[in-house]
Structures are given as structure tokens and as C-alpha cells.
Amino acid sequence: MTPNQRLIVAVLLSVVFFVGYTAIFPPAEPNVANEKTTKETLAHSTNVQNGQKTVEEVTGHAIADEEKVSHASSSNIVTVKNDKFIIKIDTLGRIASKELLEEKFRNTDDLHAQVIPTKGTKPLYIRFADDTINNAALITPYSANVSEVTLGDKPVSITLTQKLPTLTVTKILTFYVDGHYDAKITTSKAVRHFVYLGDRPHVSKKLMAVAGALIYTGDDVAHIIEDGDAEGRQLFSDVQLASTFDQYTAIIMYGFKKDTNIIVERGKDDNPVVYFESMQDESLHGYIGPKEHKVLKSIDPVLTNAIEYGWFTFAAKPLFALLSWLHSVLGNWGWAIIALTAIIRAVLYPLTYKGMVSMQKMKLLAPQLKELKAKYGKDPQKLNAMTMEMYKKNGANPLGGCLPMLLQIPVFFTLYRTLLNAVELQGAPWILWINDLSRMDPYYVLPIFMGASMFFQQRITPNNFTDPMQEKVFKYLPIIFTFFFVTFPSGLVLYWFTNNLFSIAQQFVVNQQFDNAKDAKTALEKKSEK
């Protein structure tokens with residue numbers, strides 16, 4: 001194989017592995033927090049029968065043996081609701097659940113998404129360093145000044161109180177219609193305690209998306225601890241926000257004092273557990289819900305840093321800003337994706353044009369290269385020298401077709417991660433049967449069109465394969481890609497299909513230019529013969 005062919009094969013096989021491994025072996029998805037009523041009733045009955053739980057079961061991560069004491073099963077004491085969500089607070093003073101009522105926010109079982117999982121730590125749970133106080137806190141329920149409130153345009157405040165033998169804990173929580181809340185936590189005397197952020201949501205399947213914890217510090221660095229990668233205890237200061245997140249949703253706390261220590265500890269299955277240390281009075285803010293850029297920015301611009309794009313965050317953020325602007329102009333996320341693809345292709349046009357021209361030249365030189373190989377095949381040095389001389393004479397570059405391709409790969413993955421993490425695509429229609437760009441095409445039309453466009457692109461793209469097996473492998477790639485893309489979100493398939501259409505148009509232009517040049521050369525030769 002030529003260097004150009006080897007590089008193309010490597011790139012394509014990498015992409016096949018990248019998209020195929022997840023399609024064939026999707027990560028095991030934990031049970032979502034939103035269970036049917038019968039399941040919840042059964043689980044609650046089991047807890048009541050057992051009578052007690054250990055602190056380790058409540059906190060969700062390993063703690064010292066002496067702290068493994070029992071407490072009664074918790075239940076909900078306050079319900080906060082409006083037309084967009086329902087929040088419940090339990091007897092342990094925790095935000096126990098938040099159900100998203102908007103139709104577009106549904107989990108993998110097509111039920112209303114529950115952002116807070118049933119198992120593990122929950123937001124605002126407090127653990128005390130003093131064993132005596134902690135043991136009392138585990139069996140002493142909080143009381144609330146109200147049992148149910150309806151949240152309107154104005155914020156609503158709720159006071160939770162826990163009266164322990166030697167200490168009184170007060171939490172004043174103020175909820176806002178946009179999904180964020182203020183929390184003021186006070187103790188009647190200074191005592192060392194820890195407030196938990198809560199385990200990450202399990203609303204959506206990962207599909208190559210990162211999930212875990214994110215700590216954003218004052219030096220503008222996002223420290224990400226993925227699930228399964230937590231190692232021991234990590235300490236952070238000057239924290240702007242702390243978040244546990246999955247693909248589309250997050251549990252966030254922000255507005256910490258500069259000297260507040262945020263701790264990330266290894267929990268079950270080496271997943272991160274996040275909490276902070278306090279002594280007496282603490283005021284902070286929180287948000288629980290979808291990572292919608294517009295909503296987060298309206299609450300506090302720092303919250304937009306909770307939207308994670310992986311290695312390509314530096315490029316994905318401006319790319320999403322452009323996509324959002326296109327949406328504001330066109331009014332549809334599907335057309336915005338198409339317009340964004342067109343803009344990217346226009347910017348990369350000089351590179352892709354140069355690569356296509358180089359591939360055309362290499363195709364024209366293929367017969368001569370074959371003759372050189374037959375003539376100097378036993379003398380590698382001579383063959384290499386003659387080959388380079390031919391390249392130089394004809395202005396061809398064997399790497400000219402692959403270097404532009406290499407430069408396009410980061411752009412592709414950046415856009416891929418941008419669309420993958422855009423919760424705005426949930427419930428967003430395009431046209432006809434595509435009524436949710438975050439979900440697969442129910443009729444498989446887009447993946448089939450994508451595969452067909454890829455096949456046609458291959459037919460008009462010049463190649464100089466000398467091995468029949470290589471040619472057969474390339475012919476089957478459109479079928480393989482179609483199979484992989486069947487379960488992909490429609491927004492991603494739409495991008496790839498649109499990108500293929502622009503590639504076909506550009507390749508057609510280049511091919512026509514070479515055909516015209518070839519015809520002109522033939523006509524000139526015939527004229528000179530006469």
C-alpha cells in the first residue's frame with residue numbers, strides 16, 4: 001500500500017472502532033432514578049422491613065468502621081412543584097429527588113427523567129465528624145415549616161430544622177423557577193461537618209460521553225474525575241463550581257467561599273463522591289437539572305463551565321456558540337446543524353480542495369508508478385529515487401491527500417462532541433418524521449441516506465488501489481458505517497450525511513476540472529498533429 005492508502009485505512013479503521021465499539025458493546029447503564037410506583041413501594045417496604053441502613057449505604061462510599069451505625073429509613077417531608085419539575089426533600093434534610101416534567105426530558109425508559117438517583121449520596125446530606133453527633137443525626141428526622149409548596153414566578157423559601165441533643169441544624173432553602181436554589185446552612189455551635197453534592201445523574205446513556213465529577217477552579221481549569229477513575233482523596237480550594245454529571249444533566253453547587261475545601265473521594269466502583277467541609281455557617285447556591293447553555297448562563301455565567309466536551313472543550317464552546325446563533329436565526333436545530341456544516345466545509349474548502357487535487361494527480365501517475373515498480377522493484381533505493389523524481393516533475397505529493405484529512409479529524413471530533421453533549425437537541429424536531437434530534441431515526445431513513453451518500457462519494461473519488469482485497473474492504477465501509485449509525489442520534493447522522501453531500505459536490509467540481517483539462521490537452525495534441 002502507498003503511504004496515502006495506509007493513512008486513509010488507519011483513519012477509517014479508527015473511526016470504525018470509535019463508533020462501532022460503543023454501538024456493539026454499550027456501557028452497562030445503572031438503574032435510572034425514576035422507577036414505577038409499584039417498584040418504589042416495594043423498595044420502601046423492604047427498607048421498612050429491614051428497619052435500618054448503615055451510614056455507608058447512605059453516603060455511598062467507604063468510611064471508617066466506627067462510623068457504620070444505623071438509622072431509620074428516610075421518607076419525604078416537603079414537596080416543591082411547578083409545571084416543569086417536582087422536588088422532594090426527605091427526613092435527612094436532603095434533596096431526595098427532582099423529576100423533570102417537560103416531555104423532552106425523558107430517560108432511556110421513556111419516563112420523566114429523575115435527575116437524582118435513588119442510591120448513593122444526595123444533595124445537602126450532612127455527615128458530622130463527631131461520632132456521637134453523627135449517630136444522633138442519623139436517627140433524628142428534620143422538620144419543615146411547610147409540607148408542600150407550588151413554585152410560581154417568585155422564589156419560595158423553606159426552613160428545615162434538626163434538633164439534636166447537643167446541636168440544632170437549620171437549613172433555609174430558597175427555590176427558583178429556573179431550577180436553581182440558595183442554601184443557608186447553620187449550626188447552633190461550631191462543629192466540623194461535611195455537606196455532600198450528590199451522586200451523578202443516570203438519566204441518559206453515555207454513548208461515548210463523559211460522566212462523573214467536575215471541579216472548576218478559580219484558575220479556569222476544569223478538573224474532571226470520570227466514573228471508575230477516582231483514586232483516593234483529592235482536595236480542591238478556590239472552587240467556582242462543583243458538579244456531578246452525565247451526558248445531559250448535572251447536579252451543581254457553586255458560590256463557595258474561597259477558602260472552602262472541596263473533597264473528591266473514591267466511592268463505590270471507584271466512582272467520585274464530592275463533598276465540602278464546614279464548621280458552622282455556610283451559604284451557597286445549587287442547580288439540579290439539564291445542562292442547557294441558555295438557562296445556565298442566565299442563572300450565572302460560571303455555570304456554563306459545567307458543560308463538558310472532553311479534550312475539545314476549548315474548540316467546542318465557540319462551535320456551540322455559533323450553532324446557537326444559527327438556531328436563533330433559523331429557528332430550527334436541524335437546519336442550524338446543516339448551516340454549521342456548510343460553514344465548516346467553506347472554511348476547510350482550500351484544504352479539502354488541495355487534497356482532492358493531489359489524489360487526482362496520484363491517480364494519473366498510478367500507471368507510471370506501476371511501471372517503475374516493475375522495472376526497479378529489485379532495487380529499492382533506485383525505485384525510491386525515481387519515484388520522488390516523478391512526483392517532483394509532475395507536481396504531485398503522496399501525502400497531499402492525507403494531510404488535509406488529518407487536519408479535518410480534530411474538527412470532526414469537536415463537532416461530534418458538541419452535538420453529543422447538546423441537551424438542546426432533546427425533543428428538538430427537524431422535518432417530517434424527525435421529531436427528536438437526540439434520538440435515533442425510528443425509520444432508519446437518515447442512516448440509509450448517509451450510507452448511500454458515502455457509497456456514491458467512493459464511486460466518484462479517485463483511488464489507486466493495486467490490491468483487490470483493499471478495494472473490497474473500502475466498498476463495504478458504507479454498509480458498516482450505516483450499521484453503526486442506525487442507533488446514533490439523528491442530529492449526528494444529519495451532520496455526517498450533510499458533510500457527505502458537500503464532499504460529493506466538491507469532488508464533482510474537482511473531477512470536472514480535471515476532465516476539462518484532460519479534454520483540452522487531448523484537443524491540443526490533435527491540433528498539433530495536424
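Predicted model: local features only at pLDDT ≥ 70, side-chain atom pairs only at ≥ 80, totals over all residues.
Residues are numbered from 1 along each chain as its sequence is written, and side-chain values use heavy atoms, with hydrogens and water left out.

**Exercise 1**

Find the order of the nine-stranded open sheet and the strands at its edges.

Solution. Strands are DSSP runs of E of at least two residues, numbered from the N terminus, and two of them pair if DSSP finds at least two bridges between them. The nine strands come in the order 7-9-10-11-20-17-16-13-14, with antiparallel pairing. Strand 7 (143-144) and strand 14 (222-226) each have a single partner strand, so one side of each has no neighbour in the sheet. Within the sheet, six bridges connect strand 11 (residues 180-187) with strand 20 (residues 282-290) in the antiparallel sense.

**Exercise 2**

Describe the partners of strand 19 and state how many of its residues are buried.

Solution. Start with strand 12 (residues 193-196), which runs antiparallel to strand 19 and is joined to it by four bridges. Y196 lies opposite Y275 of strand 19. Next take strand 18 (residues 262-266), also antiparallel to strand 19, with five bridges. Here I263 stands opposite Y275. The hairpin of strands 18 and 19 has five residues between the strands, and in it D269 adopts a positive phi near 60°.

**Exercise 3**

Locate A306 and list its contacts beyond four places in sequence.

Solution. A306 sits in the loop between helix 5 (293-299) and helix 6 (313-330); helices are DSSP runs of H or I of at least four residues. Its relative accessibility is 0%, so A306 counts as buried. With neighbours within four places in sequence set aside, A306 is in contact (heavy atoms within 4.5 Å) with L241, S243, I252 and K291. The C-alpha atoms of A306 and I251 are 9.5 Å apart, across 55 residues of chain.

**Exercise 4**

Classify the residues that line the largest cavity.

Solution. A cavity is a set of points, on a 1 Å grid over the protein atoms alone, where a 1.4 Å probe fits but cannot get out; lining residues have an atom within 4 Å of a point. The lining consists of L92, Y125, I126, A137, L138, Y142 and Q162. Six are nonpolar, one is polar and none is charged.

Definitions and conventions. Buried < 20%, exposed > 50% of the residue type's maximum accessible area, 1.4 Å probe, protein only. 1 Å grid on protein atoms, 1.4 Å probe; cavity = no way out; pocket = protein on both sides within 12 Å on 5 of 7 lines; lining within 4 Å. Nonpolar A, V, L, I, M, F, W, Y, C, P; charged D, E, K, R; others polar.
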